[in-house]
Amino acid sequence: MTAFAVRHGSTRQLAGTGTLLRFALRRDRLMIPVWIAVDALMVLSMPGTLEGLYGTPAERADLVRQMETNSSLRAMVGPVFGDSLGALTAWRVGIYAGALAAVMSLLVVVRHTRDEEESGRQELVASGTVGRRASLTAALLAAAVANTVLALLVTAGLARQGTAGALALGLGIAGVGMVFATMAAIVAQLTESARLARGLTAAVLGTAFVLRAAGDSGTDDGSSVLTWLSPLGWLENLRPYAAERWWVLALLAGAVVLQGALAYALAGRRDLGMSFLPTRPGPASGRLGTAGALAWRLQRGAVLGWSIGFFLAGVVYGGMTEGAADLVGDNANARRIIERMGGQSGLTDAFLASMIGMLGLVAALWIVASVLRLHDEETSGRAEPVLANAVGRLRWAAGHLVIAFGGAAWIMLLAGLGFAVGYGRQVGPVLAACLVQLPAVWVVGGMAVLLHGVLPRAALAAWAVAGAVLLIGWVGPALDVPRAVLDVSPFGHLPKLPGGSMEWGPLAVLTGAAVLLVAGGLAGLRRRDMST
């Protein structure tokens, strides 16, 4: 009877999981495929790119030798363990593919756990025949489905380079994704805010990247203790296509099981809507007496985190500029790819322009996340008390939009200062090159404002816009896609600085387009009903 009761109780706590899983996958039918496509295409496009860059075994062996002495590049992409196309693919994109899988997973889990509780929808769901842990289980299963599909695509796409290596890389990427899915499940129990849950889990991911980078900069074989403290370091030490260490997968699986068990234990010890780290209550007085001040209070943590990240990225990219130029050397194919990304103005300037362009693409993620804070505030019901006072919709929205669009300018400026510290030359041109990215970033932000204002139910499609821009910017130049495809992205119309000629016309057009998109979104917000 006792065993039956335990089994029966466990079954009751998972009641409705299948229905909630189908609902979660239906809600994420756009977001998850976009993330999977970006991640998989980044990986699967790399063998062809590397074959064009380093077509002979001698060229690939020379690349491996140079990487052994280039600590700055090891910090960015990790050590290389073999000179086959498969091993070089795992080296070049493995860490970043794992990081993207982690971001996708934490977004999925937080959205279907803490987001649902914060909006009040989970309370309605819980009033039906739904078990206590069904929502958490469905969220983790949704992340598992996404990572499984990603692993299958990577394994099938790289099978030509070697089945064992392809399977190891696919499982490793999916394993990193699930480590951060279960980490997000824990953090979602600790905090009352979905945004804080996403931010804290992303901070853990950033710490994992920094630990791995610090470890790899000092050793060329991934043996540093700092590297082993990071799940991203576990992925590189799995060594796909280089005498795979299959036992490393046990580390990933063990972390998933332990973190998942802790998340389940915490979920069973708290009330719906509560958390173990409650936010401090208090009246909106003094510095919180205006809508703009409240928006700053809500987003200042994100601004600080992105500011630090962009400054450090600028320092690192600036410091590796000369080393990257030496690594390319006389490789004509590598030079052409960098010049397609950064212009024809010389290898160093082209490399700087390409790295600055990549940071501009990442800044598009910032502006989408910041603009969609409006959507979070509205759907959670927190905007209603604010608007019930003497605060108009446009004034309420303006506070968040100033932070989103002004914050984009701020983090790009800090990136430029980081380049100045790391590279130590061309301070003015590098700062100008960073700020030139802003009109394209603002266009992406304008699309998010338009979707939120006119089609609030489709507001999260702004992530698909940002994902498409990232895909075109990262993969397009390496695959030498037609110019018409590159021009779909607003970043394709920016001048290639430093080194290239300044063109004010495209910048003016992009800025005007951003203004029109924001104006259209605000007009829609002013006229439509607010979500509840």
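I started with confidence in this predicted model. Helices (H or I, at least four residues) and strands (E, at least two) are DSSP runs, numbered from the N terminus. For residues 1-9 I found pLDDT below 50, and zero contacts in the model beyond near neighbours in sequence. Contact means heavy atoms within 4.5 Å. The chain as a whole has a mean pLDDT of 82, with 85% of its residues at 70 or more.

I noted the ground rules. Residues are numbered from 1 along each chain as its sequence is written, and side-chain values use heavy atoms, without hydrogens and water. Local features need pLDDT of at least 70, side-chain atom pairs count only at pLDDT 80 or more, and totals for chains, interfaces and linings use all residues.

Next, the fold. I counted 27 helices and zero strands. Of the 532 residues, 53% are buried; that is under 20% relative accessible area, with exposed over 50% and partly exposed in between (1.4 Å probe, protein chains only). Among contacts with a separation of 6 or more, 76% join residues 24 or more positions apart.

Then I looked up the core. The largest nonpolar core holds 147 residues. Such a core is a set of buried Ala, Val, Leu, Ile, Met, Phe, Trp, Tyr and Cys residues joined through side-chain atoms within 4.5 Å. Helix H7 (residues 85-111) gives the largest share, 17 residues. Ile367 and Trp396 are among the residues with the most contacts inside the core.

I followed Ile367 into helix H19 (residues 347-371). Ile367 counts as buried because its relative accessibility is 0%. Its contacts outside four places in sequence include Ala404, Phe405 and Trp442. Gly407 lies 40 residues from Ile367 in sequence, yet 7.8 Å away, C-alpha to C-alpha. For Trp396, with neighbours within four places left aside, the contacts include Ala291, Leu374 and Met530.

Last, the surface. Leu304, Ile308, Phe311, Leu312, Leu417 and Val421 make a nonpolar patch of about 530 Å². Helix H16 (291-319) and helix H22 (393-423) each supply at least two of its residues. H16 gives the most, four. I checked Ile308, in H16. Ile308 counts as partly exposed because its relative accessibility is 46%.

Notes
pLDDT = per-residue confidence, 0-100. Patch = residues over 30% accessible without salt bridge, like charges linked within 9 Å, V, L, I, M, F, W, Y side chains within 5 Å. Areas by Shrake-Rupley, 256 points an atom, 1.4 Å probe, with all protein chains shown as cover. Salt bridge = Lys/Arg side-chain N within 4 Å of Asp/Glu carboxyl O.
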